[in-house]
Amino acid sequence: LIVVGPEKPLVDGIVDFLKKSKVKIFGPNKIASQLEGSKIFTKQICQKFNIPTAKFGIFRNKYNANEFLKKTNFPIVIKADNLASGKGVYICHNLKQSNIAIDEIFNGKFGKAKNLLIEEFLDGEEMSFFTIHDGKTFQNFGTAQDHKRALEGDKGKNTGGMGAYSPSRLINSELEKKIINRIIKP
């Protein structure tokens, strides 16, 4: 049994390739891997299935992104639409920071980016809820929270992750029931 951990081979379709060769493999297929590989893909899935998410816009060039930002309220979140090892997210508090983020993304800091995502800033904590699905059944296997921003009090830039703990202290039976109902009856 092969268990694939790195995101890039998953996004490139290694699971699909090895399944065709009858190799036992654990991991999401190429389409499911896009949930991690493309922030825009994930936002569009959330929108299609009415999954709560921050309001967002998709931008294909610097000019349109900058024009949008002139009319927005800060803080705002700007994300590269590709694998960025957890670092392609900017929390911007003003137009200057936003312009730097847009330039870095479109200039290839995180690889070639055809698009970027700008979304409203949501204040609070993030929790991951892990579920495995084999096409027929679901198996939940816990929660986790990670620390992404550098410096005390989350004052720095996003990192690839600076540690995590599990289970998350945010989970409770009411929230778990709500999540499970959303998974089973989308």
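## Strand S6 and its partners

In strand S6, Ile-118 is the bridge partner of Ile-78. Please keep in mind that this is a predicted model, in which local features need pLDDT of at least 70, side-chain atom pairs count only at pLDDT 80 or more, and totals for chains, interfaces and linings use all residues. Residues are numbered from 1 along each chain as its sequence is written, and side-chain values use heavy atoms, leaving out hydrogens and water.

Strand S4 (residues 76-80) pairs with S6 in the antiparallel sense over five bridges. Strand S3 (residues 56-59) also pairs with S6 in the antiparallel sense, over four bridges, and here Ile-58 stands opposite Leu-117 of S6. Strands (E, at least two residues) and helices (H or I, at least four) are DSSP runs, numbered from the N terminus, and two strands pair if DSSP finds at least two bridges between them. Four of the five residues of S6 (residues 116-120) are buried, so this strand is largely enclosed by the rest of the structure. Buried means under 20% relative accessible area, exposed over 50%, and partly exposed in between (1.4 Å probe, protein chains only).

## A sheet of three strands

Let's turn to another sheet. Strands S7, S8 and S9 form an open sheet in the order S7-S8-S9, with antiparallel pairing. Strand S7 (128-133) and strand S9 (164-165) are at the edges with a single partner strand each, so one side of each has no neighbour in the sheet.

Strand S8 (residues 138-146) and S9 run antiparallel and are joined by two bridges. Gln-145 has Tyr-165 of S9 as its bridge partner.

## Helices H5 and H6

Helix H5 (residues 62-69) and helix H6 (residues 95-106) have axes that come within 11 Å and cross at roughly 160°. Axes are lines fitted to C-alpha atoms, for helices over the stretch in contact, and angles run from 0 to 180 degrees between N-to-C directions. H5 and H6 are therefore roughly antiparallel to each other (an angle over 145 degrees).

The contact (heavy atoms within 4.5 Å) involves Lys-62, Ala-65, Asn-66 and Leu-69 of H5, and Leu-95, Ser-98, Asn-99, Ile-102, Asp-103 and Phe-106 of H6.

## Pro-9 in helix H1

Pro-9 sits in helix H1 (residues 7-12) and is partly exposed, with a relative accessible area of 26%. Leaving aside residues up to four places away in sequence, Pro-9 touches Val-4 and Ile-14. The C-alpha atoms of Pro-9 and Ser-33 are separated by 9.5 Å, with the two residues 24 residues apart along the chain.

How values were computed:
Angles under 35 degrees count as roughly parallel, over 145 as roughly antiparallel, 65 to 115 as roughly perpendicular and the rest as oblique.
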